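Have the sequence and the 3D view open as you read.

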Amino acid sequence: VPVKNDSGEIVGICVFATDITDLKNAEREVNTLLEKRVAEKTRELLDSRNLFRTLADYAPVGIFQTNAEGRCAFVNKKWCEITGLSETSALDEGWLSALHDEDRPRVVDAWFAGVGEGKEFFAEYRLVHPDGNVVVVQGNAVAVHKKGSGSRHYIGCIVDITERQRATEAIVKAKERAISADQEKDRLMRTVAHEFRTPLSLITSSFDILDRYGDNLDEQRRKAQDQHIRSAVTQLTVLVQTLLSYNQRENREDLELWTLQDIENLIRIICEEVSTGRSTGQFLQLSFPDGHGVVQMNEAIFRRLFGNIVDNAYQYSLPAGCVFVRVSTEEPWLILEVQNQGIGILPEDRERVFDDFYRGQNAASQRGMGLGLGIARYAAERLGGIIELANTSGQGTTFRIKLPLSSQ
């Protein structure tokens, strides 16, 4: 007689036998019934396992199963795709090989700390594919207790967050750039306001003197006021040109304006323009190689580069000093050296002379915005060249410009 529980499930057999034959027949029936039940349970277990594997393989996240020691017993297809390991390679402790060397101690410690306290495991870490590709994942796992035993295993998943992290880092960098640009704008406005104030005040005061006392001034004093006005206008012109050059540093259109240039003629023109506005009695000495010919040059960017360096040479030269411009070629370079005879650059300032808004400690008495050398360096880079501080002393400074030489 089958014994059933409240749900109608057979949980046992009660046998009433009158002789050995009946007992043997009952034993066969019991065995047959037990075999049938085992087969049914086996099919149910296989169906359940197949269902779990099917669901796991089509899941959009990597799924894994381990014991408490972290020995892997199962991974799905997505896990293999994310890590770059095969299922066979991941089993037991094989999955550890995918952990980034720098992250492995931290992840292992976090795993055993969570297991020891019975808490959920959660961490972000890097995985390295066999081909060297690095991905960032977010992993977590929870304990699953087996009924009737004190043992437990862990089911967990990993999610590839590489792109999300890159997007987050890009947002952070964009925010930092925006903050830096805002700070730079404020600094530029303060610098402009400060630098424009002096020449504007000079113009205003000179005109006031001429308006009030012009008829009573002798020729020498009148010329002095005229010279003050001209000097102030020159300062304003230089400031405006500096601002325009600074604003045009990111202009991509002029990168296409490459033309054949007579480099000697172009350098002479720029030097004459700068000397007219900046010279306070300095002597200009130019030196060119024989047969330099015609070179392919972007005139707009070259003017920003060379013009700022020559302007800097005049600004920091002594009134009776000399500005030297030497041009040479050294395949595959066109080399320009600009040397002045001035206050020089202090050793502690040499590493920062090309930084925007930076001015040397010994240049406090000179007007300027601290942008000229930064503009020159950026222009040199856009022309595919470099600019360097070649020599400096208490008697002057030399800048060397090296540009790719494309001659015809």
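Are Trp-111 and Phe-121 buried or exposed? Both Trp-111 and Phe-121 are buried. Keep in mind that the model you are looking at is predicted.

**Aromatic pairs**

The structure contains 4 aromatic pairs. In one of them, the ring centres of Trp-111 and Phe-121 are 5.3 Å apart and the ring planes meet at 65 degrees, so this pair is edge-to-face. Trp-111 belongs to helix H4 (residues 104-117) and Phe-121 to strand S5 (residues 121-128), so their contact ties together parts that are 10 residues apart in sequence. Together with Tyr-154, Trp-111 and Phe-121 make up one aromatic cluster.

Phe-354 and Phe-399 form an aromatic pair that is also edge-to-face, with 5.9 Å from centre to centre and 75 degrees between the planes. Phe-354 sits in the loop between strand S12 (333-339) and H9, while Phe-399 is in strand S14 (residues 396-404), so this pair ties together parts that are 45 residues apart in sequence. Phe-354 is buried at 11% relative accessible area, and Phe-399 is buried at 3%.

**Helix H9**

Of the 11 residues of helix H9 (residues 372-382), 8 are buried, so the helix is largely enclosed by the rest of the structure. Among the buried ones are Leu-373, Ile-375, Tyr-378 and Arg-382. After H9 comes Gly-384, with a positive phi near 80 degrees.

**Salt bridges**

Side chains of opposite charge can pair when their charged atoms come close. Across the whole structure, 13 salt bridges are found. Three of them are set out here:

| Salt bridge | Closest N to O distance |
|---|---|
| Asp-101 and Arg-104 | 3.2 Å |
| Arg-400 and Glu-388 | 3.3 Å |

Arg-400 in strand S14 and Glu-388 in strand S13 (residues 386-393) link distant parts of the chain, 12 residues apart. Arg-400 is partly exposed at 26% relative accessibility, and Glu-388 is partly exposed at 30%.

Why are Glu-81 and Lys-78 separated by about one helical turn? Glu-81 and Lys-78 are 3 residues apart in helix H2 (residues 77-83), so about one helical turn separates them. Glu-81 is exposed, with a relative accessible area of 55%, whereas Lys-78 is partly exposed at 24%.

Asp-101 is exposed at 59%, and Arg-104 is partly exposed at 26%. Finally, a network of salt bridges links Glu-102, Asp-103, Arg-106 and Arg-126.

Definitions and conventions: Residues numbered from 1 in each chain as written. Predicted model: local features only at pLDDT ≥ 70, side-chain atom pairs only at ≥ 80, totals over all residues. Heavy atoms only, no water. Buried < 20%, exposed > 50% of the residue type's maximum accessible area, 1.4 Å probe, protein only. Helix = DSSP H or I, 4+ residues; strand = E, 2+ residues; numbered from the N terminus. Phe/Tyr/Trp six-rings, centres within 6.5 Å; stacked < 30°, edge-to-face > 60°. Salt bridge = Lys/Arg side-chain N within 4 Å of Asp/Glu carboxyl O.
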